[in-house]
Amino acid sequence: MDDRGHDVAPAVETTADEIAAMEIRGAATIADAAAEALAIQAQRSDADRPDAFERQLRAAAKALYETRPTAVSLPNALRYVLAGMDGETVAKLRASIVDRAGEFRRDLDRAQSKLGSVGANRLRDGDVVMTHCHSTDALACLEAAVEDGTEIEAIVKETRPRMQGHITAGQLREWGVPVTVIVDGAARRYLDRADHVLVGADSIAADGSVINKIGTSGLAVLARERGVPVTVAAQTIKLHPDTMTGHTVEIERRDEREVLDEEARAAITDGVDGVDDGLTAENPAFDVTPPRYVDAIVTEHGQFPPETIVTLMRELFGETVDEPWEL
Ligand SMILES: O=C(COP(=O)(O)O)[C@H](O)[C@H](O)COP(=O)(O)O
């Protein structure tokens, strides 16, 4: 039972917990898992009436939505799947959700491989690409380049505090790409060797601002100073429709122990009375890169200067701003 008294399948609660704990992470992967969870909810629902079934689906969507606030791919996925809920019987409603979730997940895969080819076109033999965090959309561009036979190298920022750069490094090495891992603070020095900065996005606002892992905006500013172009690889489910009507994107703040764990805290405060009281750590998980620091947003519909992304956003979303469970 969720807090409103509707039955949410335990598997959905598990997915929600895994997203909140970042065992499932990255905007595209979260969207995929959320769509799958709605299909599971539909399959396992014990509702005997259509209205009860619909309430359960909306409760499941709400439980999933409340896990992480910044990646808009999550509400976009939930909205898309629920918008396809159709039928006068529980059996028909169930089938409509399962089909729609399947279609969403297939489209997600197709969009990623399409944007990969678009992004790969920006890369030339011998290019060195600097990455931040771990983005499957950004990696799709590098994978397509490798498949085209383009010789690239990567400089991978480790991305404190969760070190998602290590996932990127592992994936690139699997594809045979030479990788140099650097600490985040070394970015400016190593930009001298880079031909591109390539990152993903959790959300893209109507003015072309890019919301991505904390440190992206600093990297983009440094890249501009060094004359290195910044490419953002983002499927259109990363476009944030609410920002067309002035909504701002909430930046997730995570547990300060990710930055300063108990051992590190104890080492700082060791033996000095009262030191601990004034010691805090802050842990915003994302930041906002203004459009002037971004050269191109690569999507499955082609690449766009950030300032023009609003046109695509209007075309794809209209003015939809309802929350998924209010449709
Ligand atoms: O910022 C992150 C992940 O943050 P976290 O690790 O906190 O989820 C990624 O760059 C985007 O989500 C895009 O990823 P993708 O391209 O895979 O959607």
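Mentor: Asp202 sits in the loop between strand 4 (196-199) and strand 5. Helices (H or I, at least four residues) and strands (E, at least two) are DSSP runs, numbered from the N terminus. The model is a predicted one: local features need pLDDT of at least 70, side-chain atom pairs count only at pLDDT 80 or more, and totals for chains, interfaces and linings use all residues. Residues are numbered from 1 along each chain as its sequence is written.

Asp202 has 30 other C-beta atoms within 10 Å and is therefore buried. The term buried requires 20 or more other C-beta atoms within 10 Å of the residue's own, exposed means 12 or fewer, and partly exposed lies in between, with C-beta atoms placed from the backbone. Apart from neighbours within four places in sequence, Asp202 is in contact with Ala27, Thr70, Ala71, Ile211, Asn212, Lys238 and Phe286. Contact means that the C-beta atoms, placed from the backbone, lie within 7 Å.

UniProt, in an unreviewed entry, places the feature "active site" at Cys133 and Asp202. Such positions are given in the numbering used here, feature names are shortened, and annotations may be inferred rather than shown by experiment. The two residues span 70 residues in sequence, yet their C-alpha atoms are not more than 11.5 Å apart, so they gather at one spot.

Cys133 belongs to the loop between strand 1 (127-131) and helix 6 (136-147). Cys133 counts as buried because it has 26 C-beta neighbours inside 10 Å. Beyond four places in sequence, its contacts are Thr159, Gln164, Gly165, Val199, Gly200 and Lys213. The backbone of Cys133 has a phi near 65°, a positive value in a residue other than glycine. Thr159, one of the contacts of Cys133, likewise has a positive phi, about 70°, although it is not a glycine. Most residues other than glycine have a negative phi, and most peptide bonds are trans. Thr159 lies in the loop between strand 2 and helix 7, and it is buried because 22 other C-beta atoms lie within 10 Å. The loop between strand 2 (152-157) and helix 7 (165-174) also holds Pro161. A cis peptide bond joins Arg160 and Pro161, with omega about 0°.

Back on the Asp202 side, Ile211, one of its contacts, stands opposite Val288 in strand 8. Strand 6 (residues 210-213) is joined to strand 8 by four bridges, and the two run antiparallel. The open sheet has three strands in the order 5-6-8, with antiparallel pairing; two strands pair if DSSP finds at least two bridges between them. Strand 5 (203-204) and strand 8 (286-289) are the edge strands, each pairing on one side only. Helix 9 (residues 216-226) packs on the sheet, touching strand 6 and strand 8, and its direction makes about 35° with that of strand 8. For that angle, axes are lines fitted to C-alpha atoms, for helices over the stretch in contact, and angles run from 0 to 180 degrees between N-to-C directions.

How values were computed
Contact = placed C-beta atoms within 7 Å.
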